[in-house]
Amino acid sequence: MPPRISVRNRQRKIVVNAAGLERFATKAVHCCLQMHNRKETELSRLHEVFVWLISDRRMSRLHRQFLEQGGTTDVLTFQHGEIFISVETAKRNARIFATSVIYELQLYIVHGLLHLHEFDDRTPAEARKMQRAQKKILGDFSGVPRLPAQV
């Protein structure tokens, strides 16, 4: 049985449709679990996954505390089932990559779920494999009504 997904918005700068992202994440977890005939992974063992939408300030603290790196990042995943996403970084990256904030948030959710499903991106080969998986999952939703581009 796939884990239950909860998306919680803990930042105030950018309006976000957390319920819509939760529906997306619930579908995305099913796609992840169907990939590569993997045996049991952390994702398949979890009962619940929490996605926390946070500010750059909070993300910077987590980044420093757990990875000993300064500055913010887009997404941090913890093996016990927590995915932290910086909404401000998603907004900046949407401008840079000519996407939408919602697309960036969905990408980060998929990225975090794949980490829980034992994908990694530490080497160039692993990163390419993970990017292909992300594109496949996000592409699987092309026929499904998407959330509006405005968040």
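Helices (H or I, at least four residues) and strands (E, at least two) are DSSP runs, numbered from the N terminus. This is a predicted model, in which local features need pLDDT of at least 70 and side-chain atom pairs count only at pLDDT 80 or more, while totals for chains, interfaces and linings use all residues. Residues are numbered from 1 along each chain as its sequence is written, and side-chain values use heavy atoms, with hydrogens and water left out.

Next, select helix 3, residues 56-67. At 1.5 Å a residue, its 12 residues should span 16 Å, and the end C-alpha atoms are 15 Å apart, which agrees; the expected span is 1.5 Å times one less than the number of residues. Colour Asp 56, Met 59, Ser 60, Leu 62 and His 63, which are buried (under 20% relative accessible area; exposed is over 50%, partly exposed in between; 1.4 Å probe, protein chains only). Seen down the helix axis, the buried residues fall within an arc of 165 degrees, so they line one face of helix 3; the arc is that of the directions from the helix axis to the C-beta atoms. On the face turned away from the buried side are the exposed residues Arg 57 and Gln 65. The cover over the buried residues includes strand 2, strand 3, strand 4 and helix 4.

Four of them form an open sheet in the order 1-2-4-3, with mixed pairing; two strands pair if DSSP finds at least two bridges between them. At the edges are strand 1 (4-9) and strand 3 (75-78), each pairing on one side only. Strand 1 and strand 2 (residues 48-54) run parallel and are joined by six bridges. Val 7 stands opposite Val 51 in strand 2.

Then select helix 4 (residues 87-97), which packs on the sheet and touches strand 2 and strand 4 (82-86). Contact means heavy atoms within 4.5 Å.

Stay in strand 2 and pick Trp 52. Is Trp 52 buried or exposed? At 17% relative accessibility, Trp 52 counts as buried. Trp 52 touches Arg 8, Arg 10, Glu 82, Ile 83, Phe 84 and Ile 85, leaving aside residues up to four places away in sequence. The C-alpha atoms of Trp 52 and Asn 9 are separated by 6.1 Å, although these residues are 43 apart along the chain.

Last, colour by pLDDT, the predictor's confidence in each residue, from 0 to 100. The chain mean is 90, and 91% of residues reach 70 or more. Over residues 143-151 the pLDDT is below 50.

Definitions and conventions:
Axes fitted to C-alpha atoms, helices over the stretch in contact; angles between N-to-C directions.
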